[in-house]
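User: I am new to reading protein models. Can you take me through some features one at a time?

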Amino acid sequence: MAIEDRLEELFMNDANGRRVASVNMPQRPNPWRGVAAFAGAAAIAGIALVAVILGLRGGQQAASPTATATTTAIPSATSTATTAPSATSSAVPSVSPTAFAGSIYSSPAGYTVSLPGGWRRSDLQSRMTPKDNPDELSIETFTTRTPADEAAQMARSDTGIGPAQIYTATVALYRNSRNETAMAFAQRVKGGYGLVPLSVEPTTVDGRAAVKTTFKFATDNGQSFYTVYVQDGDRIWAIGYFLAPSNLDTPAGATEAGVRGIVESFQFAR
Amino acid sequence: MATAPQADERSIVLAAQDGDVDALAALLRSLGERLLPLASALCGGTGEADALLGDTLSRVYERIGDLREPDAITSWSRRVMVRKYIDQRRWFQRRPKISINTVEVPTPLGTSPEQLDLRNAVGKLDRRDRALLVLHYWQRVPIAECARELDIPEGTAKSRLNAALRRLRRELEDSHGN
């Protein structure tokens, strides 16, 4: 098949993998809102002008209308501005703008995970080709950090679990170049990177036999977290998450339940 | 695939430009359904497509009043999407006003070694080159129109397309050789 035809097939495959469930639009500012605000402001100005004129005339009675106009006109203008959009709000509900809210992430590597609202796939910490380790075929990282925050945290990373990696879920795919079982693979890679393995035990992932390694940080005795390893033909999947050592803050929007939930939602593409 | 607007879409665009919230919501929904396949093809079938589509629709939402020719809504929004895809850093750092929820549709995701090799090779291309390939080989957009959408001369679009194909062939030969 010509490469042009293969490209068409590839793009067609990618294009048809998702469909829109909903498009959420915020409330659109009512065009009359500005008019109302202007009218309110004009009313205040007009009343104030009258008051000034009356004041210049030296009338004792001027003080009372001025005070009344100020305290009633401002709330009135504000009220008009805030209530006007609600007349149109019934058509489309307003939602917080989160691009990945409740979405299912479908990876070209051949799996899906559910991403809770606020979580996204990291572009900075994901790649679909090997880099330093030729056996690491792909790795995708999921985070709540903004790209800018993530980039800043990556600059702080050292050789251990860096700040950008705390409270992230990762799905990595390895070439099983040593033809190991998942248990042998898990036993071999369980140390290093400032992590202490607490247990290595059999489990299942999406109905397949797997091995679960539970870790804690070497520097403290905080919450534990885990990675599961699944043998898939001549490949090994590593699906896991990190929490934070006690000296690092939890990223905004990240929770243990959220990051663990991503790992637990892992499914192989059917 | 993005297609030409239907006969009554012109009236929907005009109503949206006049401030009709229901028309705007319907227009965004319709554009979302038509543009998600393009976003998915550009982003390699990844969830990034949601963010790209959300930011594209946010732009439509913000600038619908500036569109002079309602019949051009599809091509205009497609051009917005392609340019946002190329300028990834800018769109990914923005917080879109429009949020998209998508669901996965079971499809053969292409896990044969040949498809994975091609996917990896395409993944190494410059975003502008990938957009060119998607527009020309999948959406069948003529090269002159591709050039306009990418804001480059037609001759440059042709040479980039040929160079991208040569690079893909070389990458595939290398992967087969290993």
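User: What pattern does chain B follow, read along the sequence?
Analyst: Go along the chain and write one letter per element. This is a predicted model. For chain B the pattern reads α-α-α-α-α-β-α-α-α-α. That gives nine helices and one strand.

User: How many of the 178 residues of chain B count as buried?
Analyst: Take the share as a percentage. In chain B, 52% of the 178 residues count as buried. Then look at contacts with a separation of 6 or more. In chain B, 72% of these are between residues 24 or more positions apart.

User: How do I read a helix pair, say α2 and α7 of chain B?
Analyst: Take the axes, then the angle, then the hand. Helix α2(B) covers residues 21-42 and helix α7(B) covers residues 127-138. Their axes come within 9 Å and cross at roughly 130°. The pair is therefore oblique. The crossing is right-handed.

User: Which residues of α2(B) and α7(B) meet?
Analyst: From α2(B), B:P37, B:L38, B:A41 and B:L42 take part. They meet B:R130, B:A131, B:V134 and B:W138 of α7(B). Sort them by class next. Seven are nonpolar, one is charged and none is polar.

User: Now sheets. What is the order of the strands in the open sheet of chain A?
Analyst: List the strands by who sits beside whom. The order in chain A is β2-β3-β11, three strands with antiparallel pairing. The edge strands are β2 (103-107) and β11 (267-268), and each pairs on one side only.

User: How many bridges join β3 to β11 in chain A?
Analyst: Two bridges join β3(A), residues 111-115, to β11(A). In one pairing, A:Y111 has A:F268 of β11(A) as its bridge partner.

User: What should I look for in backbone angles?
Analyst: Most residues other than glycine have a negative phi. A positive value in such a residue deserves a look. Here, A:D206 has a phi near 50°, and B:R140 has one of about 60°. Neither residue is a glycine.

User: Where do A:D206 and B:R140 lie?
Analyst: Both are in loops. A:D206 lies between β7 (195-205) and β8 (208-217) of chain A. B:R140 is between α7 and α8 (143-150) of chain B.

User: Is A:D206 buried or partly exposed, and what about B:R140?
Analyst: Compare each relative accessible area with the cut-offs. Buried means under 20% and exposed means over 50%. A:D206 has 25%, so it is partly exposed. B:R140 has 53%, so this residue counts as exposed.

Definitions and conventions
Residues numbered from 1 in each chain as written. Chains lettered and ligands numbered in written order. Predicted model: local features only at pLDDT ≥ 70, side-chain atom pairs only at ≥ 80, totals over all residues. Heavy atoms only, no water. Pairing = 2+ DSSP bridges. Helix = DSSP H or I, 4+ residues; strand = E, 2+ residues; numbered from the N terminus. Axes fitted to C-alpha atoms, helices over the stretch in contact; angles between N-to-C directions. Parallel < 35°, antiparallel > 145°, perpendicular 65-115°, else oblique. Left-handed = near helix turned anticlockwise from the far one by under 90°. Contact = heavy atoms within 4.5 Å. Nonpolar A, V, L, I, M, F, W, Y, C, P; charged D, E, K, R; others polar. Buried < 20%, exposed > 50% of the residue type's maximum accessible area, 1.4 Å probe, protein only.
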